[in-house]
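Morning, everyone. Please bring up the sequence and the model on your screens.

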Amino acid sequence: AHDVRTAYHLDAILLGRFLRGVACGRGVERVVDHIVEVERDPGGAVAALVLRTGRRLEADLYVDCTGFRSLLLGETLEEPFLSDSGHLLCDSAVAIPSRHVRRDAGLPPFTTSTALRSGWSWDIPLHHRRGCGYVYSQAFASPDEAEAELRAFLGEAAEGAEARHLRFRVGRHRRTWVKNVVALGLSAAFLEPLESTSIFLVEYGLANLVTFFPHRPVDESRTNAYNRVMNDVYDELRDFILMHYALANRGDTPFWKSAASPAT
């Protein structure tokens with residue numbers, strides 16, 4: 001086994017383009033369009049996707065990568081979403097791309113996470129800029145207050161940079177493989193990025209999809225095994241992130257007092 005002790009900062013957009021090139025080079029057909037209707041068969045499974053251009057796409061297995069909307073798993077199949085907001089309080093983020101103030105000092109080869117009043121900030125050094133943001137709870141700070149706090153924290157590095165505000169839900173669907181739909185990424189589950197687990201969950205989901213890939217028709221025993229494995233790893237990662245708050249030894253703000261002992 002390889003003893004991996006390093007991680008890498010990658011440009012997500014460039015990585016996506018690279019993977020797209022690899023996939024298309026191996027015969028994957030890329031269709032750029034909008035889904036306007038999801039058809040279902042008499043058994044409730046997805047039968048086809050109807051696109052804005054009028055094209056109708058049929059498949060045996062659908063991978064839902066529609067983000068928080070979860071168009072196939074959540075909206076169409078109505079699989080319940082199990083919220084973890086009672087455990088993990090952060091539900092929002094503000095991101096401000098910042099510049100390197102002292103480029104001559106070199107780039108730190110790591111991400112820095114810093115506790116702020118109502119959550120925590122990230123600082124990811126890239127060659128051309130710094131990826132910076134603030135994950136926080138709107139129960140303890142408004143978006144304007146969070147942005148002001150982050151700008152004050154970043155100082156001149158964020159001057160003139162535009163802020164992007166995000167709202168998210170923390171939790172997972174009860175099952176992420178239902179009938180002939182497998183949800184990956186935000187369509188399946190989301191944990192705040194304190195330990196950068198989102199990409200791992202996508203890769204882990206893909207690896208297990210290969211392991212439990214169905215024969216035709218979809219085998220319920222395989223879907224049950226997949227869901228059990230994916231639910232277990234999500235729950236373990238959630239508890240791992242909760243441990244950060246429980247052991248933070250902070251109680252100087254209302255957020256940190258609540259985060260150290262969230263609802264059970």
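Start with Lys-179. It counts as partly exposed because its relative accessibility is 41%. Buried means under 20% relative accessible area, exposed over 50%, and partly exposed in between, with a 1.4 Å probe and protein chains only.

A word on the source. This is a predicted model, where local features need pLDDT of at least 70, side-chain atom pairs count only at pLDDT 80 or more, and totals for chains, interfaces and linings use all residues. Numbering runs from 1 along each chain as its sequence is written, and side-chain values use heavy atoms, with hydrogens and water left out.

Where is Lys-179 placed? In the loop between E12 and strand E13 (181–183). Strands here are DSSP runs of E, at least two residues; helices are runs of H or I, at least four; both are numbered from the N terminus. Phi of Lys-179 is near 55°, a positive value in a residue other than glycine. Most residues other than glycine have a negative phi.

Now the pocket. Lys-179 is among the residues that lie nearest the centre of the second largest pocket, as are Asp-60 and Asn-180. The lining has 23 residues. A pocket is an open set of points on a 1 Å grid over the protein atoms alone, where a 1.4 Å probe fits, with protein on both sides within 12 Å along at least five of seven lines; lining residues have an atom within 4 Å of a point. H5 gives the most to this lining, 4 residues.

Last, Ser-196. It sits in the loop between strand E14 (189–190) and helix H4 (198–211). Phi is near 50° for Ser-196, again positive. At 58% relative accessibility, Ser-196 counts as exposed.
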